[in-house]
Amino acid sequence: MRLKPSFALVLLTASLAGCKSKPTEPVATTETSSAPVFYHVDAATTGSISGTLKYTGKRPAPKLIDISQDPTCVKAHKGKAYDESLVVDSKGNLANAFVYIRKGLEGKVFEVPTTPVTLDQSGCWFRPHVLGIMVGQQLTITNSDPVTHNIHPVAQINREWNHSMGPGDAPLQRKFTKPEIMVPVKCNIHDWMHAFIGVTDNPYFAVSKDDGTFKIENLPPGTYTLGVWHEKLGVQEQTISVSSKSDTPANFTFKGE
């Protein structure tokens, strides 16, 4: 049977279209990343918070710990080492509590300090026992001892990691990517070695000293929730209003047995 010219032309066109597909044009995509806008504090209008942490009740007796597994550690402590999880002086002042701004700075982005925070392994202890650091700030871990130690932050929000450090090893450098109160640190070789790291997204934190005092400076005026964490006594918080060029008191009392 003979096809009509017009119908044959239609078939030829359809055949060519089926054998040759039009190439897909690549879709141009543009990725834009804007730099963060940091909040800059006006130093002329800032205030501060300061106070003392107290422990009430029977003062805990120093707890002797067994470090006999490592003669070098025994030598470093002259045979006696005491637990540091609850340090209270003769006046009831509480050391090693982490104090920080828990609420009130939402929406503000702060520049990360360029100065590293150091955690040393010295005398078969982590020094300091409690410390604070900002997200993205460099943590430098050193080993000042003539023995091998192990640094093991048991993070729940940040990444957990584990690294051994021998005598004379180069410092480790790490960073935390998210806020976390608190990150416990242990040594898998010496089980009495512990430290705690408070990771915040702002620079407003402090650790109570041996006399129980703390101070947080250069705060912009505002109302804040001040949080306190202690490894044995739990957490507390207060609402604090900070005024320009003033020092706002904030005292905390933890009840012991």
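Analyst: Happy to! Let's start with C73, which is buried, its relative accessible area being 0% (buried means under 20% relative accessible area, exposed over 50%, and partly exposed in between, using a 1.4 Å probe and protein chains only). Before going further, please keep in mind that this is a predicted model, in which local features need pLDDT of at least 70, side-chain atom pairs count only at pLDDT 80 or more, and totals for chains, interfaces and linings use all residues. Residues are numbered from 1 along each chain as its sequence is written, and side-chain values use heavy atoms, with hydrogens and water left out.

C73 has a partner: with C124 it forms a disulfide, the two sulfur atoms lying 1.9 Å apart (a disulfide is a pair of cysteine sulfur atoms within 2.5 Å). The structure holds 1 disulfide. This one ties together distant parts of the chain, 51 residues apart: C73 sits in helix 2 (residues 71-76), while C124 belongs to the loop between strand 5 (117-122) and strand 6. Helices (H or I, at least four residues) and strands (E, at least two) are DSSP runs, numbered from the N terminus. Because the torsion about the S-S bond of C73 and C124 is about -80°, the disulfide is left-handed. C124 is also buried, at 1% relative accessibility. C187, by contrast, is in no disulfide, and the nearest cysteine sulfur, that of C124, is 8.4 Å away. C187 is buried too, with a relative accessible area of 3%.

Now for the charged pairs. A salt bridge here is a side-chain nitrogen of Lys or Arg within 4 Å of a carboxyl oxygen of Asp or Glu, and by this rule the count comes to 2. In one of them, R127 pairs with E84, with 2.8 Å between the closest N and O atoms. Those residues come from distant parts of the chain, 43 residues apart: R127 is in strand 6 (residues 125-127), and E84 is in the loop between strand 3 (81-82) and strand 4 (98-103). R127 is partly exposed at 34% relative accessibility, whereas E84 is buried at 16%.

R102 and E237 form a salt bridge as well, their closest N and O atoms being 3.3 Å apart. R102 is partly exposed, with 41% relative accessibility, and E237 is partly exposed, with a relative accessible area of 48%.
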